[in-house]
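Good morning. I will show one structure and talk through a few of its features.

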Amino acid sequence: MLKTLSKCIREYKTASILSPIFVTIEVVLECLIPFVIAQLINVIDVTDPTAIDMGQVWMYGGILVAMAIVSLATGALAGAFCARASAGFAKNVRKDMFYNIQTFSFENIDKFSTPSLVTRMTTDVWNLQMSYMMIVRIAVRCPVMIVFAAVMAFVLGGNLAWIFLAVIPVLVIALLFIMWKALPMFQKLFPKYDDMNESIQENIKAIRVVKSYVREDHEKEKFGRTSGALCKEFTRAERLLAWNSPIMQFCFYGVICAVLYIGAYVIIGTATPEGAGVKTGEVSQLIVYGMQILSSLMMFSMVFAMIVMSLESMRRICEILNEKSTLDNPENPVYDVPDGSVDFDHVSFKYAANAEKNVLENIDLHIRSGETIGIIGGTGSSKTSLVNLISRLYDVTEGCVRVGGRDVKEYDLETLRNQVAVVLQKNVLFSGTIKENLRWGNKEATDEELVEACKLAQADDFIQSFPDKYDTYIEQGGTNVSGGQKQRLCIARALLKNPKILILDDSTSAVDTHTDALIRKAFREYIPTTTKIIIAQRISSVEDADRIIVMESGRINGIGTHEELLKTNKIYAEVYYSQVKGSDSAAPAGAEGGDGNE
């Protein structure tokens, strides 16, 4: 994990190095200040006030002021560089995560839920940023302070310094025990964050459905359960980490009391002969060093707690950074798609390698370039799964998919997907003007090309009715246009790619039948050489296709023209007569299911 995350430091390496250097200088000065104070106390700790050497007083006072100013300056610089390094590190982590996610295939994305990705890029990165900040500054400060303060304490305090070292093993054992107990708790905690984010995302995304069915109370209750579970787990983990503070406080004040008692005993001259020479300034100095050692240990316990919290965040972030796309370009990719022909050669497919059943089973199909193909079938019949293999959103489990006579695995991914335009079942528009959304299909498209594509998609009429026409602003997700308008804009966007294969995945479901017919007519007249694959629930959307494929349970149940399927395929006939006549009783008795090999 450390090797993976260290790559994210990059341009902030200098700040990450300078911060510990300035911290070290600050600590050295803080350790020397008590020594100078002790000398000053010894100078003025005399029986006769007239015997005080004011020259030495001013000298030591001047040294103290100079050291304090330099210590303040180095501390400020350490804080500034630390803030820059930690914020920059977090920025690079988010950037690397986002860029790597953009390379993921659909199979990779299926491994991580959207709420989990959101949590990893927000809460997990924040935990990592706080840990890095503490490591760069406090984790350097604490051991340096302990070492310097301990050395100075032994030099000036002699045997009294052993009191501080005696308590360190107790604190180390306590911290290790807390870490051993707390880490599993935090491992269970972060999936709770994912559940809470999922609840919020679901509620906001479907807010219209929630309000339509008056389910606000149910959503509040569901959110209450997820946030309550998160609170419960977090409280358990924090309650255990909270033991850091009382253990540290007990050791801190216990040691100070011991030093004060023994030091006072030594000063009044009732100690052993070895300690008889200890002065008041040295004991006060020893107390200061003791406070520095113990306060450093307390700060270290805070670092320790933060690191324990962030260990699981580190693991989750590294999962994203180390994830490699399951779809890669071949060594010598093909950059030209000759035509829009598509071949499925005994293709079987399943989404997960350990899945028991294939989603698609033994698909054997040839589509000629320029042909219009309709695909129809019930929900879950794997229509979308079939067309996803054409643009290589997934790789086949068995068999081979060819486009233009070549295996899709031979093509450069960008080239293949530029020639296979897909209008998804779930239409997505981005925040921006209509022009900006359309140019997702072709960023170099002229205004004339935008208008022409919109005319083919039957979108130009309603765009012209807007006050700003093609400069009309589209809200995120296209919430300020209707479902049918959104679908037509997405079709126009796909047409701007000038693809050899155009796939419409139930993308005219919100469009009336008249407009649907006009769109199909425009396709026949203006892009006759483009292979068109239309997935639909309505028979009217595919009945004039060159061939229609009937899907059932991941298999091809029948292939043929509209008239042929009415006579030979029971599923198609039942759907047709139920939609046209309103009752399946109108279906001819002789219609039988196809054998799937036509």
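I will go through a helix, some aromatic rings and a surface patch.

This is a predicted model: local features need pLDDT of at least 70, side-chain atom pairs count only at pLDDT 80 or more, and totals for chains, interfaces and linings use all residues. Residues are numbered from 1 along each chain as its sequence is written, and side-chain values use heavy atoms, with hydrogens and water left out.

Start with helix 5, residues 114-136. Helices here are DSSP runs of H or I, at least four residues, numbered from the N terminus. The expected span is 1.5 Å times one less than the number of residues.

Next, the rings. The whole structure holds 10 aromatic pairs. Rings of Phe, Tyr and Trp (its six-membered ring) pair if their centres lie within 6.5 Å; planes under 30 degrees apart are stacked, over 60 edge-to-face, and the rest tilted. Phe-98 and Tyr-99 are tilted, at 6.3 Å centre to centre and 55 degrees between the planes. Phe-104 and Phe-112 are stacked, at 6.3 Å and 20 degrees. Ring pairs also link Phe-349, Tyr-351 and Tyr-394 into a cluster.

Are Phe-104 and Phe-112 buried or exposed? Buried means under 20% relative accessible area, exposed over 50%, partly exposed in between (1.4 Å probe, protein chains only). Phe-104 is at 8%, so it counts as buried, and Phe-112 is buried at 8%.

Conventions: Helix = DSSP H or I, 4+ residues; strand = E, 2+ residues; numbered from the N terminus.
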